[in-house]
Amino acid sequence: MADRLMLLDTASLYFRAFYGVPDSLKRADGTSVNAVRGLLDMIARLVAEFEPTHLVACWDDDWRPHWRVELIPSYKAHRVELVVPAGPDIEEVPDPLEAQLPMIRETLGLLGIPIVGVAAHEADDVIGTLATHATMPVDVVSGDRDLFQLVDDDRGVRVIYTARGMNRLELVTNEWVVAKYGIEASQYADFATLRGDSSDGLPGVAGVGEKTAAGLLGDFGSLDAMLAVASGDPDAAAAAPATMSASMRAKLTGAHDYLAVAPTVVNVVRDLDLPSVEELGARLAPVTGARRETLEDLAEEWNLGGSVTRLLASLDRAPAA
């Protein structure tokens, strides 16, 4: 079997598990375990269906990095529970989910799945770096469409999109992005910058929605090119394959301050100093010995049902190195 790397946007998945699995599932001490059970079942299914040989759980060491907030103060502001001047800010997370995060980390560790996070960076940045530097095809698992910017058919980078649920997974390739938005995947970050995203507190350019953003990128190719035309640069205008209306120039120039910083916020970081996939020990393998016994004991102690058994069975089928 050819090597294939799977990168989990872990927070995206455990939030989905928490809200998708009944909170009535608890340990004997009353601690909820729905997010743990749901996440393990998700991973078991993903491993069985897509057959990765390597797997990394990418983590939000800082879900709202201050360097992004300094550029756009509204970035994820609606999800802040407590501002921490020295950072990271405290995200609004339900207490029953917060209590499960240590269990999730412990379980993933026993399964041999490396957890990778970087200070002052989001999981998206870890994913961006690992996907960019991977020497094998990559599946990014997330419900966050911002990661569509990583899709690269030539390198075999695709997104397994979970927004519609685990029973309606969508495999995002460049063709999918073109059909959905009318742009190339390589243009997605510029598209998102122009359109904005209320879920992330990104205002976008006033009067520019999805269709207009796609049309601009179809005409001019990139945000940089259209801004050069909007600025009145005669050389850029002469080289452009299309003309720009006065009203559109006004919209873009009126959003100058936002457009000067938004690409830095929207583009995922691709050059973090990270160990290689091999150095991380990301190759999947059966769990044996004391680790397996501990997991089986925890499955009983934490009321994890068959989720541990199903994931162990998926890993038992992992191909030998």
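This is a guided tour of one predicted model, stop by stop.

**Before you start**

Residues are numbered from 1 along each chain as its sequence is written.

Helices (H or I, at least four residues) and strands (E, at least two) are DSSP runs, numbered from the N terminus.

**Stop 1: helix α13**

Select residues 256-266, which form helix α13. Which residues of α13 are buried? They are Y258, L259, A262, P263, V265 and V266. Buried means under 20% relative accessible area, exposed means over 50%, and partly exposed lies in between (1.4 Å probe, protein chains only).

Now look down the axis of α13. The arc is that of the directions from the helix axis to the C-beta atoms.

Next, colour H256, D257 and A260. These exposed residues sit on the face of α13 turned away from its buried side.

What do the buried residues of α13 pack against? Show α3 (66-71), α8 (188-195), α10 (223-230) and α12 (246-254) to find out. Contact here means heavy atoms within 4.5 Å.

**Stop 2: α2 crosses α5**

Select helix α2 (residues 34-50) and helix α5 (residues 101-111). Their axes come within 10 Å and cross at roughly 35°. Axes are lines fitted to C-alpha atoms, for helices over the stretch in contact, and angles run from 0 to 180 degrees between N-to-C directions.

Is the crossing of α2 and α5 left-handed or right-handed? It is right-handed. A crossing is left-handed if the near helix is turned anticlockwise from the far one by less than a right angle, and right-handed if clockwise.

Show the side chains at the contact. From α2 come V36, L39, L40 and I43. From α5 come M103, I104, T107, L108 and L111. By class, this contact has 8 nonpolar, 1 polar and no charged residues. Ala, Val, Leu, Ile, Met, Phe, Trp, Tyr, Cys and Pro count as nonpolar, Asp, Glu, Lys and Arg as charged, and the others, Gly among them, as polar.

**Stop 3: helix α16**

In α16 itself, S307, V308, L311, L312, S314 and L315 are buried. Seen down the axis, they fall within an arc of 155°, so they line one face of the helix.

**Stop 4: salt bridges**

Side chains of opposite charge can pair when their charged atoms come close. A salt bridge is a side-chain nitrogen of Lys or Arg within 4 Å of a carboxyl oxygen of Asp or Glu. How many salt bridges does the whole structure hold? The search finds 19.

Select E210 and R145. They form a salt bridge, with the closest N and O atoms 3.8 Å apart. The pair links distant parts of the chain, 65 residues apart. E210 is in helix α9 (residues 210-220), and R145 is in the loop between β6 (138-142) and β7 (157-161). E210 is partly exposed at 34% relative accessible area, and R145 is partly exposed at 24%.

Move to E170 and R164. Their side chains meet in a salt bridge of 3.6 Å, N to O. E170 is buried at 17%, whereas R164 is partly exposed at 43%.

Then pick R292 and E296. This salt bridge is 3.6 Å, N to O. The two lie 4 residues apart in helix α15 (residues 289-301), so about one helical turn separates them. R292 is partly exposed at 22%, and E296 is partly exposed at 41%.

Finally, select R68, K76, E122 and D125. Salt bridges that share partners join them into one network.

**Stop 5: R16**

Find R16 in helix α1 (residues 10-20). R16 is partly exposed, at 30% relative accessibility. Apart from neighbours within four places in sequence, R16 is in contact with M42, T162, A163 and G165.

**Stop 6: two positive phi values**

End at E51 and A120. E51 lies in the loop between α2 and β2 (54-58), and its phi is near 50°. A120 lies in the loop between β5 (115-116) and α6 (123-133). The phi of A120 is about 65°, positive although A120 is not a glycine.

Technical notes
This is a predicted model: local features need pLDDT of at least 70, side-chain atom pairs count only at pLDDT 80 or more; totals for chains, interfaces and linings use all residues. Side-chain values use heavy atoms; hydrogens and water are left out.
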